[in-house]
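Let's walk through a protein model together, strand by strand. Keep the picture open beside you while you read.

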Amino acid sequence: MTDTRVHKTPGPDHPITLERSPCHVVVRSGSVVIGETRRALEMREAAYPSVLYVPFDDVDQRHLRPSEHHTWCPYKGEASYYDIVDGDGADLDAAVWYYDDPSPAIAEIKGHVAFYADRVTITATA
């Protein structure tokens, strides 16, 4: 099957940069720590708020459940999702996303996940 979706390369009209965050990043759902790292990557994309990508190895995977949800970004590729099941009674559908096969411009985020900041608490301290 041929992929007919539009693929675009970041550039001056839609810049994307990735850099290692110097911060200690903690992600919580309620009182439950879902992820904690000093190895996050920070993505800045066009005029969007920056996003922290946490190495999957630094996430407590017991709180993740694969989701059937997928989205497409012409600059980054197909995003897959996880639901968060935190043990505090919250089920957060499709609250975590990742790119299993990211576009070459952002290949560094493979093996990382990002969290919707309006669904969990993300703290980043120096």
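Start with valine 27, which sits opposite isoleucine 122 in strand 10. Strands here are DSSP runs of E with at least two residues, numbered from the N terminus, and two strands count as paired if DSSP finds at least two bridges between them. Strand 2 and strand 10 are joined by five bridges and run antiparallel. Before going on, a quick word on where this comes from: the model is predicted, so local features need pLDDT of at least 70 and side-chain atom pairs count only at pLDDT 80 or more, while totals for chains, interfaces and linings use all residues. Residues are numbered from 1 along each chain as its sequence is written, and side-chain values use heavy atoms, with hydrogens and water left out.

Strand 2 also pairs with strand 3, again antiparallel and over five bridges. Valine 25 has threonine 37 as its bridge partner in strand 3, and serine 29 faces valine 32 there. These two strands make a hairpin with two residues between them, and glycine 30 in the turn has a positive phi of about 65 degrees.

How covered is strand 2? Five of its six residues are buried, where buried means under 20% relative accessible area (exposed is over 50%, partly exposed is in between, using a 1.4 Å probe and protein chains only).

Zoom in on strand 5. Three bridges tie it to strand 4 (residues 41-45), antiparallel: glutamate 42 is opposite leucine 52, and methionine 43 has valine 51 as its bridge partner. The hairpin of strand 4 and strand 5 has five residues between the strands, and alanine 46 takes a positive phi near 45 degrees. Strand 5 pairs with strand 9 as well, antiparallel over three bridges, with tyrosine 53 opposite alanine 114. Four of the five residues in strand 5 are buried.

## What's packed inside

Here's a handy rule: in soluble globular proteins, nonpolar side chains tend to be buried together. A nonpolar core is a set of buried Ala, Val, Leu, Ile, Met, Phe, Trp, Tyr and Cys residues joined through side-chain atoms within 4.5 Å. The largest one has 18 residues, and Ile34, Ile84, Val96 and Phe115 touch the most other members. Several strands each supply at least two of its residues, including strand 2 (24-29), strand 3 (32-37) and strand 7 (77-85). Strand 8 gives the largest share, three residues. A second, separate core has 14 residues, among them Met43, Tyr53, Ala94 and Ala114.

What about cysteines? Cysteine 23 is buried, at 18% relative accessible area, and so is cysteine 73, at 13%. Zero disulfides turn up in a search of the whole structure, a disulfide being a pair of cysteine sulfur atoms within 2.5 Å.

## The largest pocket

On a 1 Å grid over the protein atoms alone, a pocket is an open set of points where a 1.4 Å probe fits, with protein on both sides within 12 Å along at least five of seven lines, and lining residues have an atom within 4 Å of a point. The largest pocket holds about 480 Å³, a volume being the space filled by probe spheres set on the points.

Which residues lie nearest the centre of the largest pocket? They are Pro49, Val51, Tyr53, Trp97 and Tyr116, out of 22 lining residues. Strand 4, strand 5, strand 6, strand 7 and strand 10 each supply at least two residues of the lining.
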